[in-house]
Amino acid sequence: MIGYLSGKLLEKSANQAVVDVGGVGYEVTIPLSTFYELGEPGSDVQLRIHTHVREDAILLFGFSSSRDRELFLKLISVQGVGAKSGITMLSGMSADEIITAIRTENITKLIAIPGVGRKTAERMVIELRDKVD
């Protein structure tokens, strides 16, 4: 599994980056927080990666820090939260805000994230409140 990429940034958009590693361009889905931390195309980049294997695809999800990657892994462990939803959550709110909302059981703040409904927010609190640092 791919856990880390280091190379040249070829392209970036709000939710995707292409990283050239030794002549191979890896397409990586990223949250907005990572997008803002990436330099301009041509700059060196390092990303922590989660390799998501599905029946029909192998997808790479990239993060600027190990902390964001770990939170992403915890989010997708919640029933009903998939990898794309996890990226959307990290794009809609910072990792610190998500962790604080979960620890303080602030359902209203979690529902403010696009795509997160009441039931999902409640499951996140129940399943993660003791697991987030």
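Colleague: Why are H2 and H4 called oblique to each other?
Modeller: The axes of helix H2 (residues 66-76) and helix H4 (residues 95-103) come within 10 Å and cross at roughly 45°. Under 35 degrees would count as roughly parallel, over 145 as roughly antiparallel and 65 to 115 as roughly perpendicular, with the rest oblique, so H2 and H4 are oblique. The axes are lines fitted to C-alpha atoms, for helices over the stretch in contact, with angles running from 0 to 180 degrees between N-to-C directions. Helices (H or I, at least four residues) and strands (E, at least two) are DSSP runs, numbered from the N terminus.

Colleague: Which residues of H2 and H4 make the contact?
Modeller: From H2 you have Arg 67, Asp 68, Leu 71 and Leu 75, and from H4 Ala 95, Asp 96, Ile 98 and Ile 99. Contact here means heavy atoms within 4.5 Å.

Colleague: What rules apply to the numbering and the atoms used?
Modeller: This is a predicted model, so to speak in its own terms: local features need pLDDT of at least 70, side-chain atom pairs count only at pLDDT 80 or more, and totals for chains, interfaces and linings use all residues. Residues are numbered from 1 along each chain as its sequence is written, and side-chain values use heavy atoms, with hydrogens and water left out.

Colleague: Why is the pair of Phe 63 and Phe 72 called tilted?
Modeller: Rings of Phe, Tyr and Trp (its six-membered ring) pair if their centres lie within 6.5 Å; planes under 30 degrees apart are stacked, over 60 edge-to-face, and the rest tilted. By this rule the count is three aromatic pairs. For Phe 63 and Phe 72, the centres are 4.9 Å apart and the planes at 45°, so the pair is tilted. Together with Phe 61, these two form one aromatic cluster.

Colleague: Are Phe 63 and Phe 72 buried or exposed?
Modeller: Buried means under 20% relative accessible area, exposed over 50%, and partly exposed in between (1.4 Å probe, protein chains only). Phe 63 has 0%, so call it buried. Phe 72 is also at 0% and counts as buried.

Colleague: And what does His 50 touch?
Modeller: Leaving out residues up to four places away in sequence, His 50 touches Leu 59, Leu 60, Phe 61, Phe 63, Arg 69, Phe 72, Leu 73 and Ile 76. His 50 is found in strand E4 (residues 44-53), and its 13% relative accessibility makes it buried.

Colleague: How do you know that the charged end of Lys 12 sits over the ring of Phe 35?
Modeller: The rule wants NZ of Lys or CZ of Arg within 6 Å of the ring centre and within 35 degrees of the ring normal. The charged end of Lys 12 is 4.6 Å from the centre of the Phe 35 ring and is counted as sitting over it.

Colleague: What makes Val 116 count as buried?
Modeller: Its relative accessibility is 6%, so the label is buried. Val 116 lies in the loop between H5 and helix H6 (118-128). Not counting residues up to four places away in sequence, Val 116 touches Met 89, Leu 110, Ile 111, Ala 121 and Met 124.

Colleague: What is the phi of Glu 105?
Modeller: Near 55°, a positive value in a residue other than glycine. Glu 105 lies in the loop between H4 and helix H5 (107-111), and at 43% it is partly exposed.
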